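Me: I would like to go through a structure step by step. Could you show it, please?
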Amino acid sequence: MMNAITKLLINRLISISFLLSFSHTVLASDILDLLGGKEAQVEIGKDKSLTQELRREIGSLNAEQVILFNFLDQGQYEKAFYQWGSAFDGTRFAYEPTGRALKAYLFYKVGLQINALEMLMSIQNPNTIKKEMRSFWKEAAPLANPSWQLADMGWDPMWTDVFGRQAEVQVKSRKIFDANDYTQIEALLRKSGENTEERAWLEWQLALHFALNGDAAKGSKVLSLLMKEKKNFIEPNLMNITAARMLYENGYLDAAVQYYQTVDKSSDYWFVAQEELAWSYIRKGEPQNTLAVTKSLVQPSFKALIGPETVFLRALSQLKVCDYKGASQSLLDYKSFFKPKAEKLESLMADNTEPVEFFFKSLEKNGRLPLVKLKAKAYELPRYVTRDEVLYRLSQRAVGLKAEAVKAAELYSKSLSGGTAKVGFQADINDIKVGTDNKYQTAKNAFYNRIKLLATEEVTEINQILQKMHIVEAEILQQVTVSQDIASTDKSEFDVKKGSTGGKARDVLKFPATEEIWFDEISNFKIDVKKGCQISKK
Amino acid sequence: MKKILLTIVLSSLVLCQFSMASELMKDFDSLGGNSDLYKKAKALNPELRTQVVQNRIVDRRLRLELSPTYMNYWGGNPYLSSQSVGMELAFHINPRWSLDLSYTFGFQNDVTSEWTSLVNLGVVPDVDFPKSSLMGFVTYYPFYGKLNAFDTVIHFDLYTSLGAGTTELSFGNQATLGANIGLGIWWSQHLTTRIGYRYQTYEAQLKNGPEDLDMSSAFVSVGYML
């Protein structure tokens with residue numbers, strides 16, 4: 001009897017030895033099978049095929065690694081995440097592309113998605129990552145996931161095999177291209193899919209490239225294609241103002257005027273569109289219309305929304321019709337609008353973070369928002385803050401990283417009970433938390449610095465226009481002094497400049513303009529000038 | 001030594017920035033400070049005529065407006081108190097002119113306390129009840145204005161109209177002339193309200209012979225613009 005049992009044991013051992021010698025990649029579960037054990041009855045996750053592949057890749061597994069893979073099999077990603085340090089720290093696998101991809105995969109699954117993508121994209125030679133791991137990544141991180149937009153990463157062409165051409169286009173096209181990046185834009189356009197946001201963005205960049213390089217004809221063609229798209233990924237007001245600018249630059253002032261008038265009042269672009277519309281009128285030799293347009297803009301309630309050039313333009317048109325009283329008032333308006341603004345911006349440049357924090361929180365809460373939504377705080381910030389694409393992207397990255405920093409802190413505090421082998425808080429998870437915090441702070445600093453840069457540019461602009469306003473003042477003085485000599489004196493030939501602004505429908509309503517301006521009257525003023533620069537004989 | 005130099009350079013940069021800032025503020029202060037200039041400038045005014053020219057919020061070209069109407073009469077026969085409801089159909093040719101068709105139905109024709117007093121004295125005054133009326137009007141809207149209602153601008157028109165039609169009385173139909181003055185408020189592209197005064201005149205058939213009655217009524221309608 002004893003002999004029989006001994007024989008059976010020897011046979012079993014021989015079988016085991018044979019199997020072990022047959023393959024170096026004996027799996028822990030095989031051993032479990034051989035020893036007649038059973039796995040816990042748990043729900044098996046779809047990562048089973050991944051872990052099988054990885055088990056084969058690694059070969060013989062230690063107990064900690066077995067535990068990690070079991071967690072993965074069961075879809076318990078948080079536990080697997082906590083287990084990583086015990087299982088793989090210091091191993092060769094942890095530094096291999098597949099190991100790094102697996103670690104990034106765990107980060108992704110526990111909610112540290114920006115970190116995960118950045119970690120993944122930092123892997124050199126992604127084609128050496130195990131095929132199964134790559135396909136799992138592809139499935140786990142669809143392109144619609146916002147972390148693709150937020151991660152700071154380059155693009156190794158080999159990743160195109162993993163995530164596809166659309167991912168490549170999506171990552172590369174996030175860039176705000178320079179005017180000279182035509183080759184890059186064109187190459188990406190060829191790869192982009194039809195009716196995608198990336199394609200629209202690239203076409204938009206292409207239109208800008210042509211416009212900035214003086215090829216308005218090509219720029220207009222691309223822009224008109226974009227404008228005809230059923231689904232507009234680029235804001236229609238931005239496209240309209242761009243079309244108007246192209247026409248203006250090429251001297252088609254009437255057409256430019258029509259396009260400027262299509263920009264919605266509710267848009268942030270409306271104020272700049274009106275300013276440029278006023279420039280178009282002055283170039284057309286219609287200062288009365290410039291006066292009418294700027295009358296709507298130069299209002300105390302709009303002081304946060306208009307640029308310094310608007311007041312200068314108004315003063316210039318007043319000079320053109322010899323409205324010296326009005327021009328003198330414009331000098332005072334300029335001072336009352338832009339002196340406090342310059343002070344606010346200078347305090348921003350000197351580290352007053354309060355308005356920046358307010359703006360950041362508004363972006364965090366609402367996403368992209370128009371400047372008017374910032375109410376009184378808009379006056380303390382550069383007027384382009386809500387339109388600056390770089391700033392918006394920085395804010396979104398900071399918001400994303402802030403959420404991840406919170407998640408990392410949560411993981412760290414849970415690590416006391418979440419880890420399996422280690423007791424107490426895990427230092428490596430604390431490193432992740434600290435690292436994410438640092439990334440968030442970096443993004444936030446970049447956001448702040450960008451606002452400082454915009455503030456500096458705006459103060460410079462205010463200063464430059466201030467110098468021009470001094471010239472206007474000198475011009476008023478000179479013209480007033482010699483006005484008796486330069487003005488026409490023939491009463492029979494009084495010049496009348498009829499305005500053409502305001503409502504254009506057949507059945508317009510006309511009201512006299514008063515000091516009090518109703519909100520519906522904005523951009524509906526019409527000014528006729530009579531006896532401009534003419535003095536009657538007495 | 002390097003640290004000291006760096007500190008000096010940085011301090012100079014900061015000072016330079018502050019100095020630039022104060023220069024800018026001084027520059028601002030010097031703008032527009034010439035009072036003599038303003039006095040002279042004010043004496044040289046060109047004539048600037050500034051108007052607000054804006055589109056109507058509600059288009060009233062070639063549109064139909066259907067309005068249920070309530071009218072309360074006074075005047076005319078002193079022994080009769082009448083109220084009516086009806087329907088107005090207005091065809092707006094443009095914001096200045098419209099053609100209107102008005103049908104009213106007298107849902108309440110009561111005798112007054114004066115009639116009762118006379119009856120108590122043994123005199124029974126004769127009355128001829130208006131049962132319904134159908135009239136056509138030509139309406140002219142010469143004046144317009146706007147209201148600011150809780151930061152929403154609403155346009156309105158004052159109008160006047162002249163018309164003719166027929167009134168069905170207790171003792172038969174009578175030709176009727178009428179005139180309105182009213183206020184049309186255009187709340188939205190579809191919702192309207194009219195408040196006004198209507199004058200109507202027709203001949204009532206009484207026992208003592210026909211008598212011209214001049215009826216006045218106040219009306220209010222809430223309409224829908226098609």
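Me: Which residue is the bridge partner of Lys526(A) in β1(B)?
Reply: The partner of Lys526(A) is Gln51(B). Another residue of chain A, Lys530(A), stands opposite Glu47(B), again in β1(B).

Me: How many bridges join β3(A) to β1(B), and do they run parallel or antiparallel?
Reply: Six bridges join β3(A) to β1(B), which covers residues 47-55, and the two strands run antiparallel.

Me: What is the order of the strands in the open sheet?
Reply: The order is β1(A)-β3(A)-β1(B)-β2(A), four strands with antiparallel pairing. In general, strands of a sheet pair through backbone hydrogen bonds, either parallel or antiparallel.

Me: Which strands stand at the edges?
Reply: Those are β1(A), residues 496-497, and β2(A). Each has a single partner strand, so one side of each is left without a neighbour in the sheet.

Me: Which helix lies across β1 and β3 of chain A together with β1 of chain B?
Reply: That is helix α19(A), residues 287-297, which runs at about 140° to β3(A).

Me: Let us turn to the contact between the chains. How many residues are in contact?
Reply: On the side of chain A there are 45 residues, in contact with 33 residues of chain B. Four elements of chain A each supply at least two residues of that side: α21 (324-349), α24 (427-486), β2 (508-512) and β3 (525-530). The largest share, ten residues, comes from α21(A).

Me: And by class, what does that side of chain A have?
Reply: The side of chain A that touches chain B has 22 nonpolar, 15 charged and eight polar residues.

Me: At what angle do α20(A) and α21(A) pack?
Reply: Helix α20(A), residues 308-320, packs with α21(A) at an angle of about 170°, and their axes are 8 Å apart. Angles over 145 degrees count as roughly antiparallel, and α20(A) and α21(A) are therefore roughly antiparallel to each other.

Me: Which residues make that contact?
Reply: Among them are Val311(A), Ala315(A) and Leu319(A) from α20(A), and Ala327(A), Leu331(A) and Phe338(A) from α21(A). By class, the contact has nine nonpolar, three polar and two charged residues.

Me: A single residue next. Is Leu394(A) buried or exposed?
Reply: Leu394(A), placed in helix α23(A), residues 389-418, has 22 other C-beta atoms within 10 Å. The cut-off for a buried residue is 20 or more, so Leu394(A) is buried.

Me: What does Leu394(A) touch?
Reply: Not counting residues up to four places away in sequence, Leu394(A) touches Ala443(A), Ala446(A), Phe447(A) and Arg450(A). Leu394(A) and Leu150(A) are 244 residues apart in sequence, yet 8.4 Å apart in space, C-alpha to C-alpha.

Me: How many helices and strands are there in chain B?
Reply: Chain B has three helices and nine strands, in the pattern α-α-β-β-β-β-α-β-β-β-β-β along the sequence. Of its 226 residues, 31% are buried.

Me: Finally, what is the mean pLDDT of chain A?
Reply: The mean is 82, and 85% of the residues of chain A reach 70 or more. Over residues 12-44 of chain A the pLDDT is below 50. Where pLDDT is low, the predicted coordinates should not be read in detail.

Definitions and conventions
Residues numbered from 1 in each chain as written. Chains lettered and ligands numbered in written order. Predicted model: local features only at pLDDT ≥ 70, side-chain atom pairs only at ≥ 80, totals over all residues. Contact = placed C-beta atoms within 7 Å. Nonpolar A, V, L, I, M, F, W, Y, C, P; charged D, E, K, R; others polar. Pairing = 2+ DSSP bridges. pLDDT = per-residue confidence, 0-100. Axes fitted to C-alpha atoms, helices over the stretch in contact; angles between N-to-C directions. Parallel < 35°, antiparallel > 145°, perpendicular 65-115°, else oblique. Buried ≥ 20, exposed ≤ 12 C-beta atoms within 10 Å, placed from the backbone.
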